[in-house]
Each structure stands twice: as C-alpha cells, then as structure tokens.
Amino acid sequence: MNDMFLLAVDDGGNAKLGGTSNDQYHPNWIALVSMSWGTPEVPNSISGWAQDSALGPNGKMQLFGAVAQGDNLPWTYLDRTGSDGLTLWRALMTDATVDDVQWSGDGRTVTFTLVFTQISFPYRAPGQSVRTSSNGSVIDDSGSGTADPAMQTVG
C-alpha cells in the first residue's frame, strides 16, 4: 500500500501531472514508492520514485514534455497518508518545474526531480480529507467554499 501521493494541477484545478492511483482519497494521483527532500545544491526540490505503471499511459509523455517545455506547475501537492488512508500532512509546492526524469534500465521505474519556488504545509482539521474527482479536478471537502487551492484540493 502506497502512503505518498503526488499531483500537479493548473490554476483551474485540472491535472497537469497525474497518475493511475485508485486510492480512495487520491484517485488519479501518482503513487510514489519513495521520495526525498532536496539536496545541499538544490534545497528547494524533491525527488520521487514511482513504478512506471503509476504514471498511466500518458505519464511518460507528460513528464518528458514538462522537462522539454519547461512547463510551470502552479500547484503541486505531495500528500502523506496514514494507515486509514487519510492525509496526515500535505506539502503544497508552488511554481514547480520538472528538472530531471530518469527511467530504470528495464523501464519499470522512474525517478524525477521537481524544483519549486515556495513550499507550505497547509493545515486541515482532523477528518477533513482532500481529494480529486476521477478526471483530476479539485473537490472542496472543507465546506468553506474557499478558492484557496491549498485548502481546496486533492488527496
């Protein structure tokens, strides 16, 4: 069972980088096998490792396209879940770019690095989950009706 999930959305809440997760609270996110925070050289980055199948049929093209075109990912979410599947914490990275993508020799796993401008850890009260619809668009579970992407989206 995966407990780390990643999704990047545009300003309208539509998925720019998503995956094939069928997790109840993170449908269509990228299920990460592992991740690490930055390096001394690039502290404002994360590196993720995922199974190729977690990216879906268009995942490779999305990642390579993002690198080649220097795509800006306005809102990138990284969620860590508990044993009940609910989000324990969320990192919200703004204005991220995909800096590097590498596939393993057998093509079954991928590592990628995201570099971001800012990171925050928005608070959600216990019991408030974050999730997206099946097409990757944002669902607001907070009941607040806020347009703040940090409090409105995914997981």
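Colleague: In what order do the elements of the chain run from the N terminus on?

Modeller: This is a predicted model, so local features need pLDDT of at least 70 and side-chain atom pairs count only at pLDDT 80 or more, while totals for chains, interfaces and linings use all residues. Residues are numbered from 1 along each chain as its sequence is written, and side-chain values use heavy atoms, with hydrogens and water left out. Helices (H or I, at least four residues) and strands (E, at least two) are DSSP runs, numbered from the N terminus. The chain has two helices and eleven strands, and the order is β-β-β-β-β-α-β-β-β-β-β-β-α.

Colleague: How many residues of strand β8 are buried?

Modeller: Buried means under 20% relative accessible area, exposed over 50%, and partly exposed in between, using a 1.4 Å probe and protein chains only. For the chain, buried residues make up 44% of the 155 residues. Strand β8 (residues 109-115) is mostly covered, and the buried count there is six of seven.

Colleague: Which residue takes a positive phi in the hairpin of β7 and β8?

Modeller: That hairpin has five residues between the strands. The phi in question is near 75°, and it belongs to Gly107.

Colleague: Are the rings of Trp37 and Trp89 stacked, edge-to-face or tilted?

Modeller: Rings of Phe, Tyr and Trp (its six-membered ring) pair if their centres lie within 6.5 Å; planes under 30 degrees apart count as stacked, over 60 as edge-to-face and the rest as tilted. A search of the whole structure finds four aromatic pairs. The centres of the Trp37 and Trp89 rings are 6.1 Å apart and their planes are at 35°, so this pair is tilted.

Colleague: How many residues apart in sequence are the parts that this pair ties together?

Modeller: Trp37 is partly exposed at 42% relative accessible area, and Trp89 is partly exposed at 30%. Trp37 lies in strand β4 (residues 34-37) and Trp89 in strand β7, so the distance in sequence is 52 residues.

Note on methods: Pairing = 2+ DSSP bridges.
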